[in-house]
Amino acid sequence: MALSDLNPVERNEEGIATVLGILKQRFGERFQTGEAIRGQHAHTTTYIPTQAPDGVVFAETTPEVQEIVRACAAHRVPVIAFGVGSSLEGHTNAPGGGISIDTSRMNRILSVNPQDLDCTVEPGVTREDLNRHLRDTGLFFPIDPGANASLGGMAATRASGTNAVRYGTMRENVLSLTAVMADGEAVTTGKRAKKSSAGYDLTRLLVGSEGTLGIITALTLRLQGIPQAISGGVCPFPSLEAACNTVIATIQMGIPVARIELVNALQMRAMKNYSKLDYPESPCLFVEFHGSDAGVAEQAEMFGMIAEEQGGGPFLWTSVAEERTKLWKARHDAYWSSLTLRPGAKGLSTDVCVPISRLAECVTETEADIADMGLVAPIVGHAGDGNFHVLVLMDLDNPEEIALAEKFVARLNMRAIAMDGTCTGEHGIGQGKVGFLRHELGHGVDVMRTIKQALDPLNIMNPGKILPAAG
Ligand SMILES: Cc1cc2nc3c(=O)[nH]c(=O)nc-3n(C[C@H](O)[C@H](O)[C@H](O)COP(=O)(O)OP(=O)(O)OC[C@H]3O[C@@H](n4cnc5c(N)ncnc54)[C@H](O)[C@@H]3O)c2cc1C
């Protein structure tokens, strides 16, 4: 993707120079303008070119975020929130320059309410930090993107992961949040009640808004009890179709699977080498069940029978924590293991999501497309949600390869949309998928634009993301 292909945002040189002066004076060492640090705060995870902000502020409190936003609003300068920068579609880039607000120092856990199964945290707390903090409470936070992302970033991208089939995504797990809006006012979108009919659902408007409507400065999250027993294992299949049909049957039979992850043969080869897994190089399902000792054993047996009916198996499962941890570590390391399939290559990680009844068709057609186009591109998927990822490995110095990868991704997005699905199940739109939003939502894009104009009339909140420039 060339810089010229990204949504353009005009630079306001005078405003930027003024804000740089104000922030330097106000924040001292907590405001940085060095090239390296600015580069780290732009998009760094895929081949999308880096567009660095002009300065980075390490904010520590909501009032500080308000001050920064007010200064940026007064001088019409873009402001881009930053968690840990693991987003994959150019989300943290600064196409018109501006100020990156790094939330890593807003990392306090403000309260944990075990009786109510909730907690309130600042946005820079990462999902692993939170779970470490909760360890002795018998509770956990289930949303687990492959990266150790910040909870603010996860809310902003409406992230999910392997547990979403059982526990939902950030949409279901953020009870309320506090955000600094484009005029510098802070709004809290709800209390801690499990449900509410009180007016427009501002929580869900902000969840998934990718920093384009407000900067999240606190989140109240749902927690879950750590299950008494967990069982899980890996089941090989003769084809992707057989694996997908097993997923559908498992869900339709109401087996409360906690994780059910699809891995294609090429990805299994990568995992065998990188994570030393001893399974065949064929499509596999990684599954996990949560419940009582008897419950998880029964669920694993039932799953094994369904898999066998589809020609799969043997399904080897275990309740031993160390063995399960090894399997799920391998699954979470899928991105890194894939890179070994083509040393020196960089990955373009893309995700789509379709109704589960179309999953087999979508994944099978996509695998055929990968072969026809001569790409090296393993597939993994949160199959229980109809969501899967393709990591296209390519030589960044070869424009032809980049063009081919973009063509493949465009075909994949349009295939998913044509199957009544979405061009992104969890990564978000950022810059990379702007061109597909109207295909998916039609006039819905105009409604989004109206909301954006009402809440951010100066277009300072992460401009150039989600919404197409025009048309
Ligand atoms: C190896 C790997 C595996 C991944 N696997 C998954 C996966 O399984 N599921 C999944 O959903 N994602 C996955 N991702 C993508 C990524 O981890 C998620 O998008 C994550 O939610 C981003 O969080 P972050 O803290 O890195 O946010 P950042 O990248 O820092 O920011 C992402 C977006 O959120 C905005 N933002 C950040 N903080 C705030 C805030 N406080 N207020 C408002 N806006 C904010 C930013 O402006 C930006 O638009 C993966 C990424 C990698 C590298």
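The accessible surface of the chain comes to about 19,300 Å², and carbon and sulfur atoms account for 52% of that area. These values are computed from a predicted model. Of the 471 residues in the chain, 57% are buried.

The chain contains 17 helices and 18 strands. Its radius of gyration is 22 Å, which agrees with the value near 23 Å that a compact globule of 471 residues would have. Along the principal axes, the C-alpha atoms fill a box of roughly 65 × 55 × 40 Å. Among contacts in the chain with a separation of 6 or more, 73% are between residues 24 or more positions apart.

Charged side chains number 40 positive and 54 negative, and the centres of the two sets are 4 Å apart.

T424 sits in the loop between α15 (399-418) and α16 (437-441). Is T424 buried or exposed? T424 is buried, because its relative accessible area is 13%, and the cut-off for buried is under 20%. Leaving aside residues up to four places away in sequence, T424 touches D351, V352, I429 and K433.

| Pair | What is compared | Distance |
|---|---|---|
| T424 and H427 | side chain of T424 to backbone nitrogen of H427 | 3.1 Å |
| T424 and I230 | C-alpha to C-alpha | 30 Å |

In sequence, T424 and I230 are 194 residues apart.

Technical notes. Residues numbered from 1 in each chain as written. Predicted model: local features only at pLDDT ≥ 70, side-chain atom pairs only at ≥ 80, totals over all residues. Heavy atoms only, no water. Helix = DSSP H or I, 4+ residues; strand = E, 2+ residues; numbered from the N terminus. Rg over C-alpha atoms; globule rule 2.2 N^0.38 Å. Buried < 20%, exposed > 50% of the residue type's maximum accessible area, 1.4 Å probe, protein only. Contact = heavy atoms within 4.5 Å. Areas by Shrake-Rupley, 256 points an atom, 1.4 Å probe, with all protein chains shown as cover. Lys, Arg positive; Asp, Glu negative; His and termini not counted. Charge placed at Lys NZ, Arg CZ, Asp CG, Glu CD. Polar contact = N/O pair within 3.5 Å; in protein donor to acceptor, adjacent residues only side chain to side chain.
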